[in-house]
Each structure stands twice: as structure tokens, then as C-alpha cells.
Amino acid sequence: MELKEIETIESQGEINHSKDIIFDLLKGRHIFQGSEFSELKQNHAFYEKIFALMDLELICHQREFYYLLNNSASTGKNSTSIALIFFVLMRTLSIVENNPRPNLFRSIGFEESILRLDNLAPNDRGILEESGITSWADLDRKLGLMDRLGFINRFPDEERFVFNTPAYRLIELCESYIYNETLEVEGGEEE
Amino acid sequence: MVSKVGTYLNKVYQALPLLEEILETSEKQVSRQRALEIATRIEHVKSTSDAAEYIDSLLSFSPQPILEFSQLSPDKILIPEKLNSLIQWITKRLHLESSNQLKAIIKDIEDQIKIIEDNLQGERKISRIDKSIREIDRSRKKLQEIAINNLEAIESAIREIESSSQTWFMRQEMAQDIQSNHIEPMGKIIEVDGLMQRTINLAAGKLRDLEKSTVLPLDIIEKAMNLRRAMDDTVAIVLSKHRYSLQQVTPLLKSLSEKPSKTMLGAIEALRIIETKGRKHLELGKRFPLNSWKLNEVWNDENLRYLLSGLSDYEPDVESFLMPTEEPEMISFLSANDVKKLIQDSDNVADLLEFILQNYPLHELTTCVDVAMDVISQNKGENLTFGTNRTVHKRNGKKIEVMPIGIKGN
């Protein structure tokens, strides 16, 4: 039997939260703070190898958060609904706050009511409804999901939420469409 | 005649909820379906068939229709222009006048000045001069009216922009439209040294000529004087209204002039892709993958075996952890007698401990020290010699610092 090059898994620091870290990441969560984050940061190579055993890639984002990816990209319902909510939120902020450059990481956060279907412009409401978000209960569930995955922190008593660093994935997603448009324009000129 | 107007206005009054809703839309028109929906809010319209009948009655109302189909988009319903203007006028939703209208009025004043000039020098038709004074006064009133109406229209447009559900980009466009298509061209005409001021100065000069005339009737001279004063007032009103309009729109433009963030531009672009090409074109699975996994789905025995095989060959890099490679060497017991025999075969020994260490290289330092002490204690004082400098002896990581003690040979 041909043996692969011998590899060993060594930790660089204390391993005290491996169960939480492994299960949280497998649930699709982003780890960006607390003892789990410190342990991951200190033992990045160790956890990277653990997840490689499962054919999963541990991503360390330059904004200092971790999440898992695998090679087979699937169009999960969650990615669609979360992305659409974010796009609609941005367009709504440009209307409600009359601000083309909202600070997404402001400490005061955002009122959840801004996303209530009744308060949205008809085209934005239509986009969310088409993706299956037809009531506040649906939107509430999606905000709960965004909270669990680490994109936002909800404050239920105040009906507000703040964005966490993993929201940089959503910011980069938005920016990718500007680049896309540039390519399309350039392509058009060549033709 | 009166009954016709009454019937028409009554019908308009009844349809006001629908008409106002149409005026609220950005294009001032709605689809027939939307018109039917809004019609159900009107008191006696109970069902969809009632609504269809009601809309048809407005489309074909006599003497004038209250609704009509758009000529540009025949599936859309709008309010006829004259009725539209009436409602806009009553509700102060005034149109912004184009600067061309202002130019036309100023041109009229110029024409009348020319007529006055001709009649002052030539035939001196007093009735013609009188008519021109009245024409200039009418133009003056129009100028003033346009300035006041425009200001109200700008204020209303700003309120509309501020409360609009349009995106930031659309509102920026709307504000820029007011600024570049109305305020700026108006400003060029109105401001000091502009077309209006030059024409009014010219008119004032001609009116003064009239005032100085000794041949014109007094009432014409008085009219000329009154008109000149009224024109000064009009200029002041037009200028102040225009400046106020500028003040109104400038902060809005300033707030809308900030460049949007890349995130905002990207989000709006993503929504545009959804609206024009469909959601699939966002490629979210590729660009924003979000997945979750169950451990039993991703855990793999083969990979674990590979890991364990790696561990079985694992050699920790620990220097002190060295297993003995051969049998330890046997070291004989060292007694004081063995040492004494060696001394007897030698000359003087200057440093007994050094002597023992040299002759027994395998024995530990402590063993050598013990034996040296035994030998010294078994010798009489006169056989011993004492060194003057401290000497250090080392063996197997241990060391001792002592004064050398020697033994005289036989």
C-alpha cells in the first residue's frame, strides 16, 4: 500500500473548546470572538488539518473570523435569503436614512422595523416575497438565522441588531457585483 | 352651462381619492388594474364590476372626460392635462415653469419698449403707448407670478423628494433636475446683470422718458410712473423668490451629492440584476456559499486511519529521551587500599584527588572524593602536603573546588 507522506497533527496551544469549535463551524457558523476564536487563532494549523480530514476547508478571513467551506458549492436557501435581505436593507437605508454611505458597523445598529415588509418599497417587498419571505414571522426567522451564523447580533428587547465582522462577507459580495458590471461593460466594448 | 360645470365638478369631487392617488405616482399615471383597485375605495363602488363600470364612466364622461388613456403607454390611465393643472393649482402642486417662458415674457417687454420708443419719436399714438404700458404691466405680473409659483413648486418638489420612496439615486436625479433644468437657467436670466435686469432697466429708462414728456396726457405719465415703481418691486420679488428657491434646494443637493459606498452601489446593482435578469444570475452559490454539515456525513474512517498511521510513525523531537544502545560497562569497587597501593608505587602525589580521578576515569566524582578522604585520614599529618591554591575538579556534570592535599612518596 502506497503511503502518503507522513503528516502529524500538533496543536500550538491549549485545546479546551474543540467540541464547540468543531460543531459550531460544522453548523455553518462564523467564529469571530471569545475563547473559541482565541483557540482557533492559536491552533489554526491544527484545526485546519482536523477539517481537512473531513474534506472541509477552514477559512481564516483577513478581517479575523473563521468559517468552513467545501468544494461542492451548493445554492443553499440560506445564502439566497440572507444576501437578499442585505441587498434590500442597503437600498432601504438609502431611502429611509437618505444616506448613500451608511456605516454598517455603527454601535447603535439598525432597527428591525426598517425591514418590516409594510415599510419596504414595493419592489423590495416583491423581491423578498419571491424568495419566500412573505411575513414578519418569516423575516424574524431569517434574522434569527443571521444571528446564529454570526453575521448580526440581535437585541430582542430593543428590536435592534448590529453587524458583526463576518458581515464583511456580505460587503464583499456586494462589491463583487460592481466588478462584474465593469467586466460586462469592458467585454461589450471589445465586441 | 352652470349645470354642466356643476355636474362635472361634482363628478371630479367624487373621484378625488382616485385622482389624487394617480397624481401621487411618479409618472402621474396608473394601470387599469391599479385604477380598479383604487376605485373600490370610492363610497358607492362595492365590487370589481362596479369599479370597471365606474372607471369607464370617468373615461367617457361628458362634456369632458375625467380620465383618459395615455397616448404614449395606451395601457395606462391618466388625468387629462387641463383637469390635471386645475387640481395641481388648487393643491399647490404647481409645475415648474421652464426658463423659456421667462425669456418669452422678457421678449414681450422688449417688444413693447420698442413700440413705446417708436411712438415717442414718430406719430405719437397715445393709445398705442397706453396699450404698451398695460402690456408691460401684464408681463410684469406674469414674471412675479412665475417666481412665486416656481418657489412653491420647488418647495413641493423638495417635500416630495424628501418623503419619496424612491432610492437615493432617483432622488439625487430628481434634485439635480430641479437644479440644472430650472434654478440654474432661471438664475442666468434673473440674477443681477442678467437678461431680466437689463430689460427692466431699459423699460425703466423708457418709462422715465414718458414721465418727462410735456405732450403726453397726465394719466399716461402717472401710469408710466406707477409701472416703473411696480417693476422695481417685481424685480425685488423675483430675485428674492429665486434666491430662496436656491436656498431650499442647495442643502438637499448637498445631502444627495455624497458619493455612494461600494457596498451600496454593489447592493443596488445586485437588485438590478434580480429585477432585469433574475435571481439565478447573482450566482450566490458560488459567490456566497453558506453550508452546514452533519458530523456523520463528513467524518471519514479512511482519513482517520491515515491520521493514525501518521501518528504510529511519529517521532517526537526530544533530545533527553535517548534509550541506551548497549549494556552498561561494569565498574569495579574502589577502596582506599587500591589507592594506597598505587601511591606506594609512585613518587610524591601533589594532589591526591587529582591523582585518583586520573587513575580511575570511570568512577564518579563523589566516589573519588570519598576514597581520597579515607586515604588522607589513614595517613599521619607528617606524610601530607598542602597546596596553596584552590583547584577545581569536574566529572560527569559535577564539580568540586578544594585545596589540594598531597602525600609524600616512599
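The following legends describe close-up views of a predicted model.

Residues are numbered from 1 along each chain as its sequence is written, while chains are lettered from A and ligands numbered from 1 in the order in which they are written. Because the model is predicted, local features need pLDDT of at least 70 and side-chain atom pairs count only at pLDDT 80 or more, whereas totals for chains, interfaces and linings use all residues.

**View 1. Overall make-up of chain A.** Chain A has seven helices and five strands, where helices (H or I, at least four residues) and strands (E, at least two) are DSSP runs numbered from the N terminus. Along the sequence these elements follow the pattern α-α-α-β-β-α-β-α-α-β-β-α. Of the 191 residues of chain A, 32% count as buried, a residue being buried if 20 or more other C-beta atoms lie within 10 Å of its own, exposed if 12 or fewer, and partly exposed in between, with C-beta atoms placed from the backbone. Among contacts in chain A between residues at least 6 apart in sequence, 56% join residues at least 24 apart; two residues are in contact if their C-beta atoms, placed from the backbone, lie within 7 Å.

View 2. Three strands of chain A form an open sheet in the order β3-β5-β4, with antiparallel pairing. Because β3 (110-111) and β4 (152-155) of chain A stand at the edges with a single partner strand each, one side of each is left without a neighbour in the sheet. Two strands pair if DSSP finds at least two bridges between them; β3(A) is joined to antiparallel β5 (residues 160-163) of chain A by two bridges. A:E111 has A:R160 in β5(A) as its bridge partner. Helix α6 (residues 136-149) of chain A lies across β4 and β5 of chain A, at about 125° to β4(A). Axes are lines fitted to C-alpha atoms, for helices over the stretch in contact, and angles run from 0 to 180 degrees between N-to-C directions.

**View 3. The crossing of α1 and α2 in chain A.** The axes of helix α1 (residues 18-26) and helix α2 (residues 34-42) of chain A come within 10 Å and cross at roughly 95°. A:D20, A:I21 and A:D24 in α1(A) meet A:E36, A:E39 and A:L40 in α2(A). The residues of this contact divide into two nonpolar, no polar and four charged; Ala, Val, Leu, Ile, Met, Phe, Trp, Tyr, Cys and Pro count as nonpolar, Asp, Glu, Lys and Arg as charged, and the others, Gly among them, as polar.

View 4. B:E53 is placed in helix α3 (residues 48-59) of chain B. B:E53 is exposed, with 12 other C-beta atoms within 10 Å. The C-alpha atoms of B:E53 and B:L36 are separated by 9.4 Å, the two residues being 17 residues apart along the chain.
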